[in-house]
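Please look through the structure shown here. A short report goes with it.

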Amino acid sequence: ETQSHPSHFLTLLDLTPDAAQQLIQRAIELKQWQRAGVIHTPLKQRTLGMIFEKSSTRTRVSFEVGMVQLGGHALFLSPRDTQLGRGEPIPDTARVLSRMVDAIMIRTFEHDTVELFAQHSSVPVINGLTDRFHPCQVLADIQTYYEQRGTITGCTVAYIGDGNNMCNSYLNAAQLFDFHLKIACPDGFEPAADVLNRAAGHYTLMRDPNQAATNADLIITDVWASMGQEADAERRCIAFANYCVNDDIMAHAKSDALFMHCLPAHRGEEVSASVIDGPQSVVWDEAENRLHAQKALLEYLLVTASIC
Ligand code: CP
Ligand code: NVA
């Protein structure tokens with residue numbers, strides 16, 4: 001139906017391994033330029049529509065600030081204030097918005113919603129988090145690891161906690177960047193079976209968080225009850241009781257292992273204050289890198305990929 005075939009970013013696997021490497025290097029470069037005060041405005045007069053079905057601090061601010069720094073503009077669109085909240089169909093909204101804006105970022109519950117939106121959009125669509133994936137966050141995480149350690153290829157990463165959208169995107173990343181992911185999660189909280197299958201050979205799944213942490217270069221965790229799972233929080237707190245990333249778990253990792261968390265964090269639940277506020281934690285760089293990684297992504301989708 002659409003005349004053009006835009007490049008979307010719905011999961012990390014929409015990137016080739018080469019494009020992913022280039023994007024990370026570009027993010028590091030754009031960060032240096034930003035720090036040096038270099039003006040770089042390849043997206044002058046371009047606009048990004050941002051649809052949020054869920055709350056956001058980092059994603060909203062980083063995309064909005066990123067568009068301004070690149071010379072463009074972003075619009076925050078809440079379903080509460082648009083016709084989406086009154087039942088205008090997703091395909092119609094996608095058709096209309098994509099005739100006006102140059103790219104659309106969308107955060108939803110159902111991953112199918114993002115896919116449906118992309119099918120009917122004539123401009124690039126970016127997944128700003130769904131129940132299944134959070135690819136923009138993992139781009140920023142990988143950038144952070146590269147800045148600290150050079151490369152993540154060949155490394156061992158431990159994901160401790162819920163097999164949620166972050167875990168699924170880390171499985172994609174293990175494939176794309178060629179590292180090994182050790183996942184420790186309680187029975188019944190495994191990541192998606194199809195995502196695991198695609199990452200075959202790049203992960204090991206276990207119950208014991210200490211075993212997952214052993215020999216790891218990077219330890220990551222995330223909230224036990226994601227957005228939309230609030231009613232299940234109590235049951236989850238019990239199921240995840242042994243999965244708090246604390247000093248004991250960190251002691252099993254390599255002595256120079258890094259700790260990351262996409263935030264918001266819950267000290268005393270999925271991570272102890274001593275770890276997230278301790279010397280191995282790089283969570284503030286990780287949060288800042290949302291800005292730089294997404295500027296590289298916007299430039300890639302709106303300039304590089306549209307020329308190819
Ligand atoms: N990490 C992350 O996506 O944060 P927000 O929900 O604040 O956007
Ligand atoms: N897994 C979390 C990530 C928040 C950025 C959620 O989906 O709520």
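## Model and numbering

This is a predicted model: local features need pLDDT of at least 70, side-chain atom pairs count only at pLDDT 80 or more, and totals for chains, interfaces and linings use all residues. Residues are numbered from 1 along each chain as its sequence is written, while chains are lettered from A and ligands numbered from 1 in the order in which they are written.

## Overall form

The protein has 12 helices and nine strands. Helices (H or I, at least four residues) and strands (E, at least two) are DSSP runs, numbered from the N terminus. The C-alpha atoms fill a box of roughly 55 × 45 × 35 Å, taken along the principal axes.

A compact globule of 308 residues would have a radius of gyration near 19 Å, and the protein agrees, with 19 Å. That radius is taken over C-alpha atoms, and the globule rule is 2.2 Å times the number of residues to the power 0.38. Of the 308 residues, 49% count as buried. A residue is buried if 20 or more other C-beta atoms lie within 10 Å of its own, exposed if 12 or fewer, and partly exposed in between; C-beta atoms are placed from the backbone.

## Two domains

The domain assignment gives domain 1 (12–133 + 289–307) and domain 2 (137–286). Such bounds come from an automatic or database domain assignment. The C-alpha centres of domain 1 and domain 2 lie 25 Å apart.

In all, 23 residues of domain 1 are in contact with 21 residues of domain 2. Contact requires C-beta atoms, placed from the backbone, within 7 Å. On the side of domain 1 that touches domain 2, helix H1 (17–36) and helix H12 (283–307) each supply at least two residues. H1 gives the largest share of that side, six residues. The residues of this side of domain 1 divide into 14 nonpolar, four polar and five charged. Here Ala, Val, Leu, Ile, Met, Phe, Trp, Tyr, Cys and Pro count as nonpolar, Asp, Glu, Lys and Arg as charged, and the others, Gly among them, as polar.

## Ligand surroundings

Around ligand 1 are Ser56, Thr57, Arg58, Thr59, Leu129, Gln137, Cys262 and Leu263. A residue is near a molecule if its C-beta atom, placed from the backbone, lies within 6 Å of it. Domain 1 and domain 2 each give at least three residues to the shell around ligand 1.

Ligand 2 is surrounded by residues including His134, Asn164, Asp222 and Ser226. Its shell has five nonpolar, four polar and one charged residues.

## Helix H6

Helix H6 (residues 165–177) has 13 residues. From its first C-alpha to its last, H6 reaches 18 Å, close to the 18 Å expected at 1.5 Å a residue. The expected span is 1.5 Å times one less than the number of residues. Because 13 of its 13 residues are buried, H6 is largely enclosed by the rest of the structure. Aspartate 178 follows H6 and has a positive phi, near 60°.

## Backbone details

Most residues other than glycine have a negative phi, and most peptide bonds are trans. Glutamine 45 has a positive phi of about 70°. Glutamine 45 sits in the loop between H1 and strand S1 (47–52), and is exposed, with 9 other C-beta atoms within 10 Å. Asparagine 215 also has a positive phi of about 70°. With 14 C-beta neighbours inside 10 Å, asparagine 215 is partly exposed.

A cis peptide bond joins leucine 263 and proline 264, with omega about 0°. Proline 264 lies in the loop between strand S9 (258–261) and helix H11 (273–276).

Conventions: Contact = placed C-beta atoms within 7 Å.
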